[in-house]
Amino acid sequence: MSNIALIIGHDMNSGGAVTVNGVNEYSTWFTYLNTILTFLPQGNQYKVFERRNGLEKLVRDVNDYRADIAISFHFNSSSNSKANGFEVLSSGYPSSMMLSRAFLDGYKTSIRNRGIKVRKLGEDGGYFLNKTNMPAILLEPFFGSNRKDCHLFFRDINLFTNAVIDVINKAKDLP
Ligand SMILES: [Zn+2]
C-alpha cells in the first residue's frame, strides 16, 4: 500500500493558466481530480491537497502526510497559440525520473510528447519538486492556449487517467 498525494495546481485566488475556453488550472483540477480519483487502483491511500496558505505550507502538509509519492496537476500555456504538447517536470532525482518516465510511457495520447524537464529550486515548479521529501513530479499534460491540445486532452481524459495509474503503480517499484 502506498500513500499518494495528489495536488491541485495553483489556488483559488490565483488560478494559473487558462484554457481556450477560459477555465483556469485550479478550476480544471478541482473538478477533474475527484473524477480521476474514482478510477485509481484500490489498496492505496489517496489524499487531494490544495494550496490555501501558500506553497511553503502546501509542501509542509504533503511532507507531514508522509506521502510515498506526490503528483502535482497543472497545464501549460503560451502567448504563441501554436505551442503544444505534454511534458513532465522533475527534480532530476532518480526516483522522480522513474515516475516521470512512467507517465511519458503511459500517456497514449496523440498530443505531442515534449519529454521531461528538470527544474531546480528557484525555477518554475522547482520549489515543490525539490522541497517535498518524497519522489515528486509535476504534470503538464497539454497547452491550455492551444485549441487542438484542449480538444484532445478533454476528449481523451481517460488516457491521461491511465498514465496517472501507471505512475501510481510505479510507486511500489521505487528503491
Ligand atoms: Zn501551473
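**Helix packing and an open sheet in a predicted model**

Good morning. I begin with a helix pair: the buried residues of α5 pack against α6 (157-170). Here helices (H or I, at least four residues) and strands (E, at least two) are DSSP runs, numbered from the N terminus. A residue is buried if 20 or more other C-beta atoms lie within 10 Å of its own, exposed if 12 or fewer, and partly exposed in between, with C-beta atoms placed from the backbone. Two residues are in contact if their C-beta atoms, placed in that way, lie within 7 Å.

This is a predicted model, in which local features need pLDDT of at least 70 and side-chain atom pairs count only at pLDDT 80 or more, while totals for chains, interfaces and linings use all residues. Residues are numbered from 1 along each chain as its sequence is written.

Which residues of helix α5 are buried? In this helix, residues 147-155, they are Asp 149, Cys 150, Leu 152 and Phe 153.

Helix α6 also packs with α3 (residues 94-106), at an angle of about 150° and with the axes 8 Å apart. Axes are lines fitted to C-alpha atoms, for helices over the stretch in contact, and angles run from 0 to 180 degrees between N-to-C directions. From α3, the contact is made by Met 98, Leu 99, Ala 102, Phe 103, Asp 105 and Gly 106; from α6, by Asn 162, Ala 163, Asp 166, Val 167 and Lys 170.

I turn now to the sheet. Six strands form an open sheet with mixed pairing, in the order β2-β1-β3-β6-β4-β5; two strands pair if DSSP finds at least two bridges between them. Strands β2 (45-50) and β5 (113-118) stand at the edges with a single partner strand each, so one side of each has no neighbour in the sheet. Within the sheet, strands β4 (residues 86-90) and β6 (residues 136-140) run antiparallel and are joined by four bridges. Leu 89 stands opposite Leu 138 in β6. Helix α2 (residues 55-64) lies across β1 (3-8), β2 and β3 (69-73), and runs at about 170° to β2.

Most residues other than glycine have a negative phi. His 10, however, has a positive phi of about 65°, and Arg 66 has a positive phi near 55°. His 10 is in the loop between β1 and α1 (25-37), and Arg 66 in the loop between α2 and β3. Is each of them buried or exposed? His 10 is buried, because 23 other C-beta atoms lie within 10 Å. Arg 66 is exposed, because it has 10 other C-beta atoms within 10 Å.
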